Amino acid sequence: MNIYGRAQFHASGVDHSTPTDLPMVTIRKSDYDGLILVSDTPNNAQGSAINLTPGGTSDAHPPLTRTQESPTTYRTGPSYNNENANKFGSYGNHMMGHTSKAVEYGGQLDDVYSPNEVPDGYFNNGNNRVEVGRDGQFLKNAKRTILLSNLPEAATHADVTDAVKGGMLLDVFLRSPDRAASISFLNENSANDFFRYAKRNDLYIRGKRVAISWSDRHFTLANHVAHKIGMGATRNIVIRSASTRHTDESIREDLDHIHNLVVVSIKFVDRDAHVSTNSVHNAMFARTCMMSRSKYKGCKIEWDIDECAAPIPVLKPRPVQKENNAPKTSAPINRFALLNMDGATDSSTDEDSMLGMDGFQSDLVSGLNGVAVPSRTPSVTAPPPATMSWFQKTIALPPKSRGSYLVTDHIVDNLPEIKGYKVGLVNLFVQHTSCALSLNENWDSDVREDMSDALDRIAPEDKKGDLYRHSAEGLDDMPAHIKSALIGASVTIPIKDGKLATGTWQGVWYLEFRAARHQRKVVATIQGEKA
């Protein structure tokens, strides 16, 4: 049967397999391309022209042509609406389509649909096409994508997601060479709230202020993605009871084949693996792939909470400082001394009051002569007292295996509050018993390697089993405790004019004594006088 027979467009009232009252009939892409090729040939243009309309096929109608009002787009990944007509841009390594008209916001979207077209999962509300989910409605097109530029050179997806709050994200696209990232919210209101918050209070990533603006292209919410979101889908998944069989490396290896998927982080909490990704549609694919593998049999894979949906922090207003030292007032003037005509001197009149009297008489005479008299009240303004301030935050160190590492720049980048202190102290305290912090050589890396070798000689591993009693956590655990006690868990560094007052060759060391990589946390406490 030829393509025309398979399309089954009929003008008669005969009952066929394809109802004649449908406003739209779907055919395969190869069939559509074949129709286009046939309609473009000279013979068909003058002869048997094809008209694909619900009314049927007739030679009286003009030949089938391709309209330029809305380009046909076949997407394999996220797509954005662009204000430039009929363009296709590269997003990662796949194609994305843009709408053919400028996007207008303010409640009206530019999607053009047939008024009778009502596929499953949609309803038409004016010009807005709305995806209907179980828990609400999600706009297909909205002003939801924000551009973050001037990022630090080493910024990661995790740095971006840590800084974003206020709403669930659909997609995080990091362009490292351009030092920019596009973040797309599910709801337009969430994007507006975060945009206003970042504009009003500034946004810092790894201690650097970044620029924020609306993107020229806004993320288009695909139909199947919106349907899954209505059923609870997010860009994060959780693998229940995963810690007994799976590790960080094995999960990343299982997901490495998924194109454009970025695993932002994997955290194990109470035997569950919480996997954070860069987009909802990639997380959907990752979840489907993992559920189809036998190695995850028995592990319930569920949707996890998007940490970016946490409320935007409310900043407390800065308290107004009250002046403690009130200005001193001058001694009161005895105005009744003018009535003392007999020259008698009041015993209560001291030298200060007589000086005030002389000034008053001089002012009185000048006032009678029409001369303006300036006020003699002295203006005494005491300098404001020094304001002592405390500040504390927790900094995560990069996971490292056994060795000595220079982390001065990492501490400074994650502690921009140091710049606000004129003078003070910063204390860095590591909350673990198998690593240490130290101040030492910051130039030659051989010094750090020599330090690790020397500590290994002081506290070697008990391979024969006759050195230490404690061996339940591995051969390297007890030596790690000894090294931590020798080096110490904290360092204190002075602050001068917003900078660490370290010596020319001094730097902050992070010494890891365990063989496997561990996530370490440092509590930073600042006390001092603000600038």
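Predicted model: local features only at pLDDT ≥ 70, side-chain atom pairs only at ≥ 80, totals over all residues.
Residues are numbered from 1 along each chain as its sequence is written, and side-chain values use heavy atoms, with hydrogens and water left out.

I then followed the pairing (at least two DSSP bridges between two strands): β20 and β23 (residues 506-512) are antiparallel partners over seven bridges. They belong to an open, antiparallel sheet of three strands in the order β18-β23-β20, in which β18 (403-406) and β20 (435-441) are the edge strands.

I checked what packs there, with contact meaning heavy atoms within 4.5 Å. Helix α11 (residues 445-458) touches β18, β20 and β23, and its direction makes about 150° with that of β18 (lines fitted to C-alpha atoms, for helices over the stretch in contact, with angles from 0 to 180 degrees between N-to-C directions).

Last, I examined Tyr-405 and Tyr-510, whose ring centres are 6.1 Å apart with planes at 35°, so the pair is tilted (centres within 6.5 Å; planes under 30 degrees stacked, over 60 edge-to-face, the rest tilted). Tyr-405 sits in β18 and Tyr-510 in β23, 105 residues apart. Tyr-510 is buried at 1% relative accessible area, whereas Tyr-405, at 22%, is partly exposed (buried is under 20%, exposed over 50%, partly exposed in between, with a 1.4 Å probe and protein chains only).

Technical notes: Helix = DSSP H or I, 4+ residues; strand = E, 2+ residues; numbered from the N terminus. Phe/Tyr/Trp six-rings, centres within 6.5 Å; stacked < 30°, edge-to-face > 60°.
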